[in-house]
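Here is a short note for a colleague opening this model for the first time. Please read it with the structure on screen.

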Amino acid sequence: MAAPWIAPSILSADFARLGAEVDAVLAAGADIVHFDVMDNHYVPNLTIGPLVCEALRKHGMKAPIDVHLMVRPVDRLVPDFAKAGATYISFHPEASDHIDRTISLIRELGCKPGLVFNPATPLDYLDYTLDKLDLVLLMSVNPGFGGQAFIPGALPKIAEVRRRVAQSGREVRVEVDGGIKADNIGAAARAGADTFVAGSAIFGSSDYAATITAMRSAIAAATPAAAGTVKV
Ligand code: DX5
Ligand code: ZN
């Protein structure tokens, strides 16, 4: 299993100081930055687009950017995010008319494709896509807002995705997103997640480094084998 990654969601950052906020979480030990894109159509909220992604790259941010598209349609925005410096681009299968085409488009443009599952979305979509994905994202809240409570039903789903990924023999990140805090991140790690999105828990804390360190300790305690894994 890959080394655990902490992915702060900038949805809960101070947008008036976004560059400094991103610098601060990376200095505090974050591995990757989670970038939530909402369109007031697929989800009932409106956030940020490719211009902001590009602005972070221009600001000098080198860490991977994990773009989570909560938009419909999907394909129109993929080239813009690829050009803006996205690393991973994930989308919800319900939001795309042609899932395989969207995955190929993301790959062709040099980004890593991910598929996102809402709490009630079945994993069947993985049957014919897992061999083309670099990431599977399990939502542990309904998408649209930060600061919601973790839905425990995500845990067996994480375990099932981990089982499928192991069976595939491929390197696919298993990411969990929504309501993750230092006190439940261990359960998600134990279930098989290796990439942990946390918005309000990190940006709402007064000491980003202390919060990220507490999260890492909880992950290490839950998965002793992963503690010494080399970073990839
Ligand atoms: C929800 C977003 C999440 C959100 C997580 O639709 O996809 O990434 O920002 O925020 P917290 O960690 O506060 O639940
Ligand atoms: Zn997200």
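The points below go from the whole chain to single residues.

1. Ground rules. This is a predicted model, in which local features need pLDDT of at least 70 and side-chain atom pairs count only at pLDDT 80 or more, while totals for chains, interfaces and linings use all residues. Residues are numbered from 1 along each chain as its sequence is written, chains are lettered from A and ligands numbered from 1 in the order in which they are written, and side-chain values use heavy atoms, with hydrogens and water left out.

2. Overall fold. The protein chain has nine helices and eight strands. These are DSSP runs, numbered from the N terminus: helices (H or I) have at least four residues and strands (E) at least two. The radius of gyration is 16 Å, close to the 17 Å that the globule rule gives for 232 residues, so the chain is as compact as a globular protein of that length. That radius is taken over C-alpha atoms, and the rule is 2.2 Å times the number of residues to the power 0.38. The C-alpha trace spans about 45 × 40 × 30 Å along its principal axes.

3. Packing and surface. Of the 232 residues, 56% count as buried. Buried means under 20% relative accessible area, exposed means over 50%, and partly exposed is in between (1.4 Å probe, protein chains only). Contact means heavy atoms within 4.5 Å. Among contacts with a separation of 6 or more, 65% are between residues 24 or more positions apart. The chain exposes about 9800 Å², and carbon and sulfur atoms supply 56% of that area. Areas come from the Shrake-Rupley method with a 1.4 Å probe; for residues, only the protein chains shown count as cover.

4. Look at Asp36, in strand E2 (residues 33-38). Asp36 is buried yet has no salt bridge. A salt bridge here needs a side-chain nitrogen of Lys or Arg within 4 Å of a carboxyl oxygen of Asp or Glu. Which side chain of opposite charge is nearest to Asp36? It is Lys181, 13 Å away. Lys and Arg count as positive, Asp and Glu as negative; His and the chain ends are not counted.

5. What surrounds Asp36. Its side chain makes a polar contact with the side chain of His34 (2.9 Å). Such a contact is a pair of N or O atoms within 3.5 Å; within protein, one must be able to donate a hydrogen and the other to accept it, and residues adjacent in sequence count only if both atoms are side-chain atoms. Beyond four places in sequence, Asp36 touches residues including Ser9, Thr47, His68 and Asp177.

6. Backbone points to check. A cis peptide bond joins Arg72 and Pro73, with omega about -5 degrees. Pro73 sits in the loop between strand E3 (65-70) and helix H3 (78-84). Asn40 is not a glycine, but its phi is positive, near 55 degrees. Asn40 lies in the loop between E2 and helix H2 (50-59). Its relative accessible area is 54%, so Asn40 is exposed.

7. Salt bridges. The structure holds 13 of them. Glu54 and Lys58 pair at 3.2 Å, N to O. They are four residues apart in helix H2, so about one helical turn separates them. Lys58 is exposed at 68% relative accessible area. Glu160 and Arg163 meet at 2.9 Å, three residues apart in helix H5 (residues 154-168). Asp127, Glu160, Arg163 and Arg164 are linked in a network of salt bridges.
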